[in-house]
Amino acid sequence: MLITDCHIHIQPYEMFKAGPIEVMKKARGHFEDILEYCRSPKALLKYLDSVGVERAVLINYVAPEVMGLTTEVNQWVAKYCKEDPKRLISCGSVHPRHSANVKADMDEIVRLGIRLIKIHPPHQLLYANDYTNGVKELATIYRTAEANGVPVMIHTGTSIFPHARNKYGDPIFLDDVAVDFPKLKILMAHGGRPIWMPTAFFLLRRHRNVHLDVSGIPPKLLLKYFPRLEEIAGKTLFGTDWPSPGIPDIKQNLDQFKALPLPQAVQEQVLSKTALGIWPK
Ligand SMILES: [Zn+2]
């Protein structure tokens with residue numbers, strides 16, 4: 001089975017502000033290992049081999065105020081994934097308030113071959129549907145992604161990083177996006193964890209174009225959070241959020257997921273098939 005982890009944070013940590021980097025260091029031992037993976041795609045691929053993961057999506061996004069991350073992340077991730085584009089899937093972003101020309105920056109993302117766009121409302125300090133409040137640039141991002149067949153991942157749920165604003169984490173704001181951009185593939189990261197799961201589940205059933213990325217949810221608790229997961233297995237993707245605080249190792253999450261009382265076909269769908277549908281081999 002070809003397993004894809006649709007959500008790992010391999011990114012240029014040297015761009016991080018002091019606050020977020022402290023959170024990362026405090027949350028885990030051996031942070032130097034992570035820095036080495038960020039320097040060397042070969043080292044990361046070796047790690048992925050060791051945990052039985054074939055492909056990983058490298059989540060990168062522009063969030064200067066909270067995280068320190070600038071538009072340079074796009075070039076960075078595109079270059080990094082060139083090492084093995086079959087196994088390393090790039091994710092980049094454009095921030096409506098930090099781009100002089102959103103359309104040109106989105107076209108550049110497409111030209112770079114970036115395969116996922118990330119919107120992180122609590123770190124980018126915006127609502128996912130802010131185009132309904134006059135932020136036209138956000139509609140340009142969704143429209144360009146939709147036209148080019150590039151999926152968009154939107155963070156939902158809380159964040160513990162300093163200065164993150166959690167009001168933006170409510171998944172209900174994805175409802176507008178799903179309605180207004182019906183052909184856009186929307187990946188809802190974290191399923192509103194840990195306070196908005198009923199909203200998340202409603203949207204997943206309501207909208208054909210909304211998918212669930214289970215990263216950041218401890219696999220042991222997944223069926224407590226989403227007791228009817230089997231009903232949405234066809235649109236659910238396995239992801240870990242490694243190496244974020246609380247996720248020391250991909251293998252641990254994978255083992256816990258495999259131990260869940262789910263039929264083999266459902267396991268295979270979530271670990272492998274949904275991601276293959278979104279990013280074919
Ligand atoms: Zn994440």
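**Strands, crossovers and a helix pair**

Strand S2 and strand S3 (residues 88–90) run parallel and are joined by 3 bridges. Helices (H or I, at least four residues) and strands (E, at least two) are DSSP runs numbered from the N terminus, and two strands pair if DSSP finds at least two bridges between them. This is a predicted model, in which local features need pLDDT of at least 70, side-chain atom pairs count only at pLDDT 80 or more, and totals for chains, interfaces and linings use all residues. Residues are numbered from 1 along each chain as its sequence is written, and side-chain values use heavy atoms, with hydrogens and water left out.

Right-handed here means that, with the strands pointing away from the viewer, the path from the first strand over the helix to the second runs clockwise.

S2 also pairs with strand S1 (residues 4–8), in the parallel sense and over 3 bridges. There, Asp-5 stands opposite Ala-56 in S2.

In a regular strand the side chains alternate between the two faces of the sheet. In S2 (residues 55–58), Arg-55 and Val-57 point one way while Ala-56 and Leu-58 point the other, and all are buried. Buried means under 20% relative accessible area, against over 50% for exposed and in between for partly exposed (1.4 Å probe, protein chains only).

Next comes strand S5 (residues 152–155), which is covered on both faces: Val-152 and Ile-154 on one side and Met-153 and His-155 on the other are all buried. Strand S4 (residues 117–119) pairs with S5 in the parallel sense over 3 bridges, and Ile-117 has Val-152 as its bridge partner in S5. S5 also pairs with strand S6 (residues 186–189), in the parallel sense over 4 bridges. In S6, Val-152 has Ile-186 as its bridge partner. S5, helix H8 (residues 174–180) and S6 form a right-handed β-α-β unit.

The last stop is a helix pair. The axes of helix H11 (residues 250–258) and helix H12 (residues 264–278) come within 11 Å and cross at roughly 155°. Axes are lines fitted to C-alpha atoms, for helices over the stretch in contact, and angles run from 0 to 180 degrees between N-to-C directions. H11 and H12 are therefore roughly antiparallel to each other, a term for angles over 145 degrees. Leu-254, Phe-257 and Lys-258 of H11 make the contact (heavy atoms within 4.5 Å) with Gln-267, Val-270 and Leu-271 of H12.

Methods
Parallel < 35°, antiparallel > 145°, perpendicular 65-115°, else oblique.
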